[in-house]
Amino acid sequence: MTRRTFLEAGALTALTSLAGSARAEQCAPAQPATRVKGLRVWLDLDQAELDDAYDQSVYAPNSRQISARYATNSELARARLGPPRRMAYGPTEIEKLDLYAAKRPNAPINVFIHGGAWRSGNARDFGYAAEMFVGAGAHFVVPDFVKVQDAGGSLFAMVEQVRRAVAWTYRNAASFGGDPSRLYVSGRSSGAHLGGVVAITDWKKDFGLPADTVKGYTLSSGMYDLRAPRLSKRSQYVKFTDEMEQALSAQRHLDRINAPIVLVYGSLETPEFKRQTREFAEALKNAGKPVKLVHAEGYNHFEIAETIASPYGFVGRAILEQMQLA
């Protein structure tokens, strides 16, 4: 090959490469335009940002896979433990609970309140944590309760049912070998919100039970003030009212809380769920209430939920330590 032939070949190669690059640029998808921030509706968030902050799937792309694992792992747990006892705590069909019984008599009890944005989820799909509790020598109770869309958009019926489920468990503990003096409550997501509302229950006035009916709470990835959720797209299916917002915001009733609370959240939660947890913890601390804040690095809203099934997981360890079973 002569020098001239070599140079001509190189030039042709360069032109071909440039043409290919040009065609690639022409075929590349257009980049989305920078979103213009709208009017602030909550803190520094506009409406779209606030809506996303109360939509877990936006911040957890693996949410469906993990939610599916809740169900399959619950089936595996039942295959090893046997089916739970299904017991009624109230008059309606939904007012039943799953009881995974400990092997030893007079065992402590944990009532777990499941999440699901107040509109989904059922006790059956949260049996995956039962093995850890039974193995540690505790009863594990998971109540079902009405979904918000089936209650006309109100959260009051749901709260009332969860409270009655806890009261029923206390009153009937001896019938299944439980120790009512060692009753604890845990919850996650919207279930943690409900758990916070359970914590402000006047047990003596409303149920004729001791003020310290529940000895402690471990709440994961929850909401403790309803103002921001009310401003978000969750108001499309929850018919928030001033009364509901005030009565069901645990952070506004710190004086009613008389049991230790452990709050757990993941570093990959939405900004609002992180803020809600941190601010509730700070409010409890400032009010002189016993509180412990657990930050789980590298976990999103759904991944942190799975850690309740392990004595070495963030939520599982926190619960066992609180129940003095660690």
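**Briefing: salt bridges, helices and selected residues**

The structure holds 24 salt bridges. The model is a predicted one. Its chain has 13 helices and 10 strands. Of the 326 residues, 50% count as buried.

**Overall fold**

- Contacts between residues with a separation of 6 or more are counted here, and 75% of them join residues 24 or more positions apart.
- The chain exposes about 15300 Å². Carbon and sulfur atoms supply 54% of that area.

**Salt bridges**

- Side chains of opposite charge can pair when their charged atoms come close.
- Arg40 pairs with Asp44 in a salt bridge, and the closest N and O atoms are 2.6 Å apart. Arg40 is exposed, at 53% relative accessible area. Asp44 is partly exposed, at 45%.
- Arg69 forms a salt bridge with Glu306, with 2.8 Å between the closest N and O atoms. This pair links distant parts of the chain: Arg69 sits in helix 4 (residues 63-81) and Glu306 in helix 12, 237 residues apart. Arg69 counts as partly exposed at 37% relative accessibility. Glu306 also counts as partly exposed, at 22%.
- Arg86 and Asp144 meet through their side chains in a salt bridge of 2.8 Å, N to O. This pair, too, links distant parts of the chain, 58 residues apart. Arg86 is in strand 3 (residues 85-88), while Asp144 is in the loop between strand 6 (139-143) and helix 6 (156-172). Arg86 is partly exposed, with a relative accessible area of 42%. Asp144 counts as buried because its relative accessibility is 7%, under the 20% cut-off.
- A network of salt bridges links six residues: Asp225, Arg227, Arg230, Asp242, Glu245 and Arg252.

**Lys289: a buried charge without a salt bridge**

- Lys289 lies in the loop between helix 11 (271-286) and strand 10 (291-296).
- Lys289 is buried but has no salt bridge. Asp255 is the nearest side chain of opposite charge, and it is 7.2 Å away. A salt bridge needs a side-chain nitrogen within 4 Å of a carboxyl oxygen, so Asp255 does not qualify as a partner at 7.2 Å.
- The side chain of Lys289 does reach a backbone atom: the oxygen of Ile257, at 2.9 Å.
- Beyond neighbours within four places in sequence, Lys289 is in contact with Leu254, Asp255, Ile257 and Leu284.

- Arg35 is in the loop between helix 1 (3-27) and strand 1 (40-42). Arg35 is partly exposed, with a relative accessible area of 48%.
- Apart from neighbours within four places in sequence, Arg35 is in contact with Asp46, Ala48 and Glu49.
- The side chain of Arg35 makes a polar contact with the side chain of Asp46 at 3.0 Å. A polar contact with the side chain of Glu49 comes at 3.4 Å.

- Helix 6 has 17 residues. At 1.5 Å a residue, these should span 24 Å, and the end C-alpha atoms are 24 Å apart, which agrees.
- Buried residues of helix 6 include Met158, Val162, Ala165, Trp168 and Thr169. Arg163 is also among the buried residues of helix 6.
- Phe176 is in the loop between helix 6 and strand 7. Phe176 is buried, at 8% relative accessible area.
- Phe176 is in contact with Trp168 and Thr169, among others, when neighbours within four places in sequence are left aside. Its other contacts include Arg85, Leu99, Ile109 and His139.
- Phe176 and Ala102 are 74 residues apart along the chain, and their C-alpha atoms are separated by 9.2 Å.

**Helix 13**

- Helix 13 covers residues 314-322. Val315, Gly316, Ala318, Ile319, Leu320 and Gln322 are buried there.
- An α-helix has 3.6 residues a turn, so residues three or four places apart point the same way.

Note on methods:
Residues numbered from 1 in each chain as written. Predicted model: local features only at pLDDT ≥ 70, side-chain atom pairs only at ≥ 80, totals over all residues. Heavy atoms only, no water. Helix = DSSP H or I, 4+ residues; strand = E, 2+ residues; numbered from the N terminus. Buried < 20%, exposed > 50% of the residue type's maximum accessible area, 1.4 Å probe, protein only. Lys, Arg positive; Asp, Glu negative; His and termini not counted. Polar contact = N/O pair within 3.5 Å; in protein donor to acceptor, adjacent residues only side chain to side chain. Contact = heavy atoms within 4.5 Å. Areas by Shrake-Rupley, 256 points an atom, 1.4 Å probe, with all protein chains shown as cover. Expected span 1.5 Å × (residues − 1).
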